[in-house]
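Here are my notes for a colleague opening this entry. Please read them beside the structure.

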Amino acid sequence: MAARGSRTVGIGMDYSPSCKVAVRWAVDNLVCAGDHVVLIHVLSKSDHHTEKQLWEEHGSPLIPLDEFGEMNLTVRYGISPDGEVLDILNTASMTKGVKVVSKIYWGDPREKICDAVEDLKLDSLVVGSRGLGAIKRVLLGSVSNYVVVHATCPVTVVKSNA
């Protein structure tokens, strides 16, 4: 693993309550000055936004944090960044010197998050857990369980009380 302060940390992001807790945990407990944080968004293959045709195979270009507010991400990519998450990341960027970017993929979240680990050469990955019960986890599948088993970097699953 890379030395502290030069790592690339991915965070699976869908702006759910569990993802917000994962972002907060990563900023408070994992990332250090000089680290890079990549928010990994995975949208459904059925989404038909303008940028999907250009970037569907390998994901969008990296989108810097300071462009989140400038770009109309809802129109271009179909995501609406959450103000609370952006505040957490802006604070980390300013106080810790963390560089934050976002990348958007289309497809199955389990597979695309694992692809992102390879594409982005992540040193670590943080994902939230919805806290599915055993039966729902078997029927619906768990993104976090799949990623823990298949990702090629260390994965931290952050449980939410939400």
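Which residue in strand 2 does Thr 8 stand opposite? Thr 8 faces His 36 there.

1. Basis of the notes. This is a predicted model, in which local features need pLDDT of at least 70 and side-chain atom pairs count only at pLDDT 80 or more, while totals for chains, interfaces and linings use all residues. Residues are numbered from 1 along each chain as its sequence is written, and side-chain values use heavy atoms, with hydrogens and water left out.

2. Six strands form an open sheet with mixed pairing, in the order 3-4-2-1-5-6. Strand 3 (63–64) and strand 6 (155–159) stand at the edges. Each has a single partner strand, so one side of each lacks a neighbour in the sheet. Strands pair here if DSSP finds at least two bridges between them. Helices (H or I, at least four residues) and strands (E, at least two) are DSSP runs, numbered from the N terminus.

3. Strands 1 and 2. Strand 1 (residues 8–13) and strand 2 (residues 36–43) run parallel. They are joined by 6 bridges.

4. Salt bridges around Lys 20. The structure holds 5 salt bridges, each a side-chain nitrogen of Lys or Arg within 4 Å of a carboxyl oxygen of Asp or Glu. One of them joins Lys 20 and Asp 82 (3.0 Å, N to O). Lys 20 lies in helix 1 (residues 17–29) and Asp 82 in the loop between helix 4 (73–77) and helix 5 (83–96), so the pair ties together parts 62 residues apart in sequence. Glu 84 also forms a salt bridge with Lys 20, with the closest N and O atoms 3.8 Å apart. That pair links helix 5 to helix 1, 64 residues apart.

5. Exposure of these partners. Asp 82 counts as buried because its relative accessibility is 18%; buried means under 20% relative accessible area, exposed over 50%, partly exposed in between (1.4 Å probe, protein chains only). Glu 84 is partly exposed, at 47%.

6. A second pair. Arg 110 and Asp 108 meet in a salt bridge (3.0 Å, N to O). Arg 110 is partly exposed at 28%. Asp 108 is partly exposed at 24%. Elsewhere, salt bridges with shared partners join Lys 20, Asp 82 and Glu 84 into one network.

7. A charged patch. Glu 111, Asp 115, Glu 118 and Asp 119 form a negative surface patch. Patch residues have over 30% relative accessible area and no salt bridge; like charges are joined within 9 Å, and nonpolar side chains (Val, Leu, Ile, Met, Phe, Trp, Tyr) within 5 Å. Asp 115 sits in helix 6 (residues 109–119). Asp 115 is partly exposed, at 36% relative accessibility.

Definitions and conventions: Accessible areas come from the Shrake-Rupley method with a 1.4 Å probe; for residues, only the protein chains shown count as cover. Lys and Arg count as positive and Asp and Glu as negative; His and the chain ends are not counted. The place of a charge is taken as NZ of Lys, CZ of Arg, CG of Asp or CD of Glu.
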